[in-house]
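Thanks, everyone. Let's get going. Please have a look at the model on the screen.

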Amino acid sequence: MSASQDGHDGLEPRVGPDPQGEPEFHPYHHPAAGWGAAKSVSRFLVRERALVDGPRAIMRMNHENKGFDCPGCAWPDDTKGLHLDICENGIKHVTWEMTGKRVGREFFAAHSVTELFGWSDYDLEDQGRLTEPMVYDPESDHYVPISWRDAFELAGRALRELDDPNRASFYTSGRLGNEATFLYQLMARELGTNNLPDCSNMCHEASGRALQASLGTGKGTADLKDWEATDALFIMGVNAASNAPRMLTALAEAYHRGAQIVHVNPLVEAAATRTIVPHDFTDMALLKTTRTSTLNLQPRIGGDMALLRGMAKAILEQSGTDPKAVDQEFIDRHTAYFDEYRAVCEATSWDEIELQSGIDRDGILKAARVYRDADRSIISWCLGVSQHEHGVDTVREIVNLLLLRGNLGREGAGPSPVRGHSNVQGNRTCGIDHRPAEEFLDRLAEVCRIDPPREHGKDTVATIHAMHRGDVKVFVGMGGNFALAAPDTPYTYAALRNCDLTVQVSTKLNRSHLVHGRRALILPCLGRTEKDHQRGGLQSTSVEDSMSMVHLSVGMKRPASKHLLSEPAIIAGLARAALPDSDTPWAWYIEDYDRIRDTMARTLDGFEDCNRRVRLPLGFRIKQPARELVFLTPTGRAEFSTAPLPDVVPAPGTLALGTMRSHDQWNTTIYSDNDRYRGVKNLRTLVFMNEDDMRERGVSEFAPVDIVSTAKDGSHRRLDGYLALPYDIPRGCAAGYMPEMNVLCAIGDYSAQSDQPLMKHVKVTITPAGTNHVDRAR
């Protein structure tokens with residue numbers, strides 16, 4: 001299998017581990033979680049030799065301010081104080097971090113960067129925890145040890161010598177705690193730049209912009225108590241069993257109390273069928289399953305907006321004979337542009353709605369009846385909705401539908417985006433934003449006594465372009481695996497290699513350490529599970545979940561190395577070196593993180609008195625004005641949007657391809673080549689296709705195929721020799737795994753609405769291997 005990617009050897013290395021056997025495919029018909037999850041966790045603990053630390057971590061994870069927050073997904077902690085509020089992927093994520101394997105100077109002395117580049121991404125991370133700072137030596141092509149003092153000075157000097165602070169860019173993934181996040185953005189802005197790209201730029205940017213436009217807030221308004229009280233849940237564009245497994249508990253409880261649960265996804269995933277919740281010991285013992293859906297709808301890729309428009313059209317048509325179909329009093333008191341939206345719905349024909357959604361009218365009416373009959377409804381969504389050209393319009397259509405029946409500002413109702421990473425929402429709350437609000441900058445200037453820049457900075461795509469052009473010379477990555485997570489892999493590789501300096505703050509070795517600038521630093525940090533001792537004693541950090549709850553996280557384990565520093569300490573070290581004349585008390589902040597939180601309380605709306613409130617059981621919830629029916633929009637009301645339906649029907653001969661994670665994967669970290677919930681074993685280089693689409697192309701099960709994408713500018717990218725698997729997916733659609741398929745998403749193919757790469761809507765042709773002769777040259 002090959003790809004049109006740049007690399008030391010011209011080919012992209014494998015992502016997953018070496019195959020443990022022949023590829024297998026057996027459609028999955030078992031419940032999500034249950035004994036399958038228990039067995040998988042047991043095997044993983046044995047493999048990682050974590051039979052002591054693993055169970056200890058399980059008993060400390062997600063416990064009310066007494067343990068550490070799961071470094072996986074951002075699903076909120078159980079409101080009932082559940083002692084086993086955990087999931088399979090969370091345990092794997094924690095065990096992967098707590099490994100006893102180490103990557104020290106001896107390892108780097110034995111392996112050159114060129115050699116390591118040829119290793120699989122699984123093998124790189126599987127070497128274990130990084131133990132000391134390293135610097136790239138171009139003469140030997142090895143990383144060699146460097147002291148923390150010299151590492152900070154190297155990075156600080158590179159930043160000081162820039163002729164323009166906008167020639168630096170500061171990326172963060174969602175794992176960074178709030179305190180480190182606040183210091184990170186403060187450092188960047190004191191340096192003079194708003195170049196603060198983050199993983200949200202690739203994931204939920206559309207959600208934030210849409211909610212801000214419609215409601216005046218960039219976050220959802222529903223919390224877990226609302227999920228426990230709602231009559232209907234609509235789950236859109238998310239494979240909850242893998243991406244937010246603890247949601248399964250909420251779905252099972254909703255079904256038991258009689259709520260309707262509608263899943264909307266091109267693929268019917270395991271979470272949309274039935275489950276056994278592992279901490280329900282009676283159900284586990286009796287193998288008693290619980291349904292997690294009452295209706296499954298499979299729109300074509302990109303067809304969600306048309307489905308929502310159809311539901312709204314049905315509700316509005318019904319209101320002609322049933323005045324209670326819409327909440328006219330709510331609409332009159334709290335919304336704007338309703339008449340315009342009604343006119344758009346009336347002008348959109350049922351034929352167009354069926355064509356664009358890929359769902360027949362009967363299916364759309366079933367969903368509309370569920371929505372009409374529910375007194376209180378929540379609509380939840382993830383990247384299957386946001387990573388599209390029209391992602392903002394689709395999320396605004398979600399809000400439109402909620403507004404029609406007054407599903408806002410009351411218990412059991414509201415929009416509820418599912419954020420992927422553990423603190424990605426907290427990162428944005430605490431200042432990681434390349435388009436900061438003037439009010440935030442004013443407060444930052446007043447409290448921190450700096451003069452922050454006012455012009456917008458660069459997001460992820462703009463940063464990659466700027467590095468490629470040579471306009472950004474220094475790239476700092478705070479967590480994550482930027483080289484592997486970003487779109488258009490060869491373009492991103494070339495951009496990173498064009499930097500004068502790349503700095504990666506990490507816990508484990510990954511691809512981003514091997515795709516580096518002319519100079520490069522690896523700065524190893526403490527993990528979420530590890531104790532963070534500073535002069536003021538054992539420290540805690542705070543995180544914000546996807547429903548705006550902020551709570552503390554305290555590590556339980558001795559650090560993997562005595563040379564590790566915490567993320568706040570690393571940021572403070574970089575800042576002191578880059579800003580030698582700064583009046584910001586960087587060292588003082590690190591002595592006691594309460595001091596950072598005190599400054600955050602004076603700067604950030606919603607963080608007032610946070611040092612006291614964050615220590616309450618379950619922490620505190622950041623206030624949401626829209627939840628109280630206060631709308632910070634131009635009209636002072638919730639605003640209906642009136643966007644036309646986009647044309648998402650693939651052209652003849654082409655397919656719409658969406659990238660996704662496998663089950664045994666977390667972001668770019670691969671645990672195995674298996675995908676239990678999709679019935680796949682020993683295989684990642686695959687593409688799921690509709691059987692009729694396969695037959696039309698003369699492709700049989702496990703047949704090798706070539707996949708060629710066509711970008712907006714007409715250029716092509718390709719992956720050869722992938723294996724085709726038949727799957728229950730609408731005609732005209734296909735799906736496969738990221739990060740392998742990121743190569744197919746051109747750097748120029750991003751949404752004009754959100755600037756997000758179009759990871760869920762890549763235009764491709766798929767043909768039997770060797771029959772597609774599109775030139776590999778870009």
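**Strand 31 and its partners**

Six bridges link strand 31 to strand 32, residues 716-726, and the two run antiparallel. Keep in mind that this is a predicted model. Strands 31 and 32 make a hairpin, with five residues between them. Look at the turn. Gly714 sits there, with a positive phi of about 90 degrees.

Now the pairing with strand 34, residues 762-768. Five bridges join strand 31 to strand 34, again antiparallel. Here Asp706 stands opposite Thr767 of strand 34.

Is strand 31 largely enclosed or open? Strand 31 covers residues 704-710, and five of its seven residues are buried, so the rest of the structure largely encloses it.

Start with Arg396, in helix 20, residues 391-404. Arg396 is buried, yet it has no salt bridge. Which side chain of opposite charge is nearest to Arg396? That is Glu639, 4.5 Å away. The cut-off for a salt bridge is 4 Å. Leaving out residues up to four places away in sequence, Arg396 touches Ala210, Ala213, Ser214, Glu639, Phe640 and Ser641.

Then Arg47, in helix 1, residues 34-47. Arg47 has 36% relative accessibility, so it counts as partly exposed. Its contacts, again without residues up to four places away in sequence, are Trp96, Tyr122 and Tyr671.

Definitions and conventions. Residues numbered from 1 in each chain as written. Predicted model: local features only at pLDDT ≥ 70, side-chain atom pairs only at ≥ 80, totals over all residues. Heavy atoms only, no water. Helix = DSSP H or I, 4+ residues; strand = E, 2+ residues; numbered from the N terminus. Buried < 20%, exposed > 50% of the residue type's maximum accessible area, 1.4 Å probe, protein only. Lys, Arg positive; Asp, Glu negative; His and termini not counted. Contact = heavy atoms within 4.5 Å. Pairing = 2+ DSSP bridges.
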